[in-house]
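Open the model in your viewer and keep the selection panel at hand. This tour goes stop by stop.

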Amino acid sequence: QQPSTHPAVHPRFSFDTKMAAAVMASPARTFDFDYRSPARGSPLPGGAGCDDLLEEVCTASQLRISQWRKDQHQALYLEAQRGMQDVWREESAVDDLKADLEMVRELTEAAQQFRVEGTQLGQALLQSMEASQQRAEVATRTRDDLRRAHADCLQEVRSEEKLLREKKQAAGAQLTDIEFFLARYSRTLGLDISRVAPQTVRVTFTLLDEAQPSRESSVVLSLAAEGYTAYDCQPPVPELEALLCKLNEDPSSATALPVFVCGLRRAFAAAQSN
């Protein structure tokens, strides 16, 4: 079945059209006035009756009036049809305007929602930027603090290295002096130094007694953080305590240890003589 190509007719327009058609189709009003008179029965001599002539005139008038009514009805029908078409077009335009207004309302709501979401997104981005800036500032301060700490540590390490080099130089010089002292006096004084433990040596003297040159006198000497200590002294000598005190007054001095050894040898010699 092919779709109809005629435009849809508005219900009110259809109703008014039907009313106009019904008026047009209504039968013409019959001329019910009786123009006959008592003179109809007595016509003029030699002429038609006046009632026939009057009836013809009235009939012609009635026909003209009927035609005029038809023409007027047709004109009214056409005018009503045009008016209903205009009304239908205006109602269609109103429906279109309503649809357009509904679409505009939906677009307005969507725009408002988009603006709200855009505002929220902007605030979130602003907060994120502020948080990033704060983190960057914290990172910058931390970096600067670490750089200063690194510079301080580097300076401290350099100072410690310098101090260590100085101590190594002093220890090397002291070791050289001790080696020179030992090489010089080991034979003439009968001095022998042997390692007992880390930073601990046993100092042994011979050639103290002419009758018994091989007789030994010894003491264990240890170096700690607080200085030198001595124990296991054979034979015991009372001068050991004073000699240790004098040695610990300036243990880094080049003459401190030789003075201690010489004083200890004299104490051992005196003890063997007694």
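The stops below cover strands, a helix and salt bridges.

**Ground rules.** This is a predicted model: local features need pLDDT of at least 70, side-chain atom pairs count only at pLDDT 80 or more, and totals for chains, interfaces and linings use all residues. Residues are numbered from 1 along each chain as its sequence is written, and side-chain values use heavy atoms, with hydrogens and water left out. Helices (H or I, at least four residues) and strands (E, at least two) are DSSP runs, numbered from the N terminus.

**Stop 1: the strands.** Select residues 191-197, strand 1, and residues 200-205, strand 2. They run antiparallel, joined by six bridges. Strands count as paired if DSSP finds at least two bridges between them. Leucine 191 has phenylalanine 205 in strand 2 as its bridge partner. Now zoom in on the turn. Two residues lie between strand 1 and strand 2 in this hairpin, and glutamine 199 in the turn has a positive phi of about 60°.

Move on to strand 3. Strand 2 pairs with strand 3 over six bridges, again in the antiparallel sense. Here phenylalanine 205 has serine 217 as its bridge partner.

**Stop 2: helix 3.** Select residues 240-249. Which residues of helix 3 are buried? They are Leu240, Leu243, Leu244 and Leu247. Buried means under 20% relative accessible area, exposed over 50%, and partly exposed in between (1.4 Å probe, protein chains only). The buried residues pack against strand 3 (217-224), strand 4 (227-234) and helix 4 (256-273); contact means heavy atoms within 4.5 Å.

**Stop 3: salt bridges.** The structure holds seven. Each is a side-chain nitrogen of Lys or Arg within 4 Å of a carboxyl oxygen of Asp or Glu.

- Select arginine 82 and glutamate 79: their closest N and O atoms are 2.6 Å apart. They sit three residues apart in helix 2 (residues 50-185), about one helical turn.
- Select arginine 89 and aspartate 86: the closest N and O atoms are 2.0 Å apart.
- Select aspartate 232 and arginine 202, at 3.1 Å between the closest N and O atoms. This pair links distant parts of the chain, strand 4 and strand 2, 30 residues apart.
- Finish with Glu102, Arg105 and Glu109, linked in a network of salt bridges.
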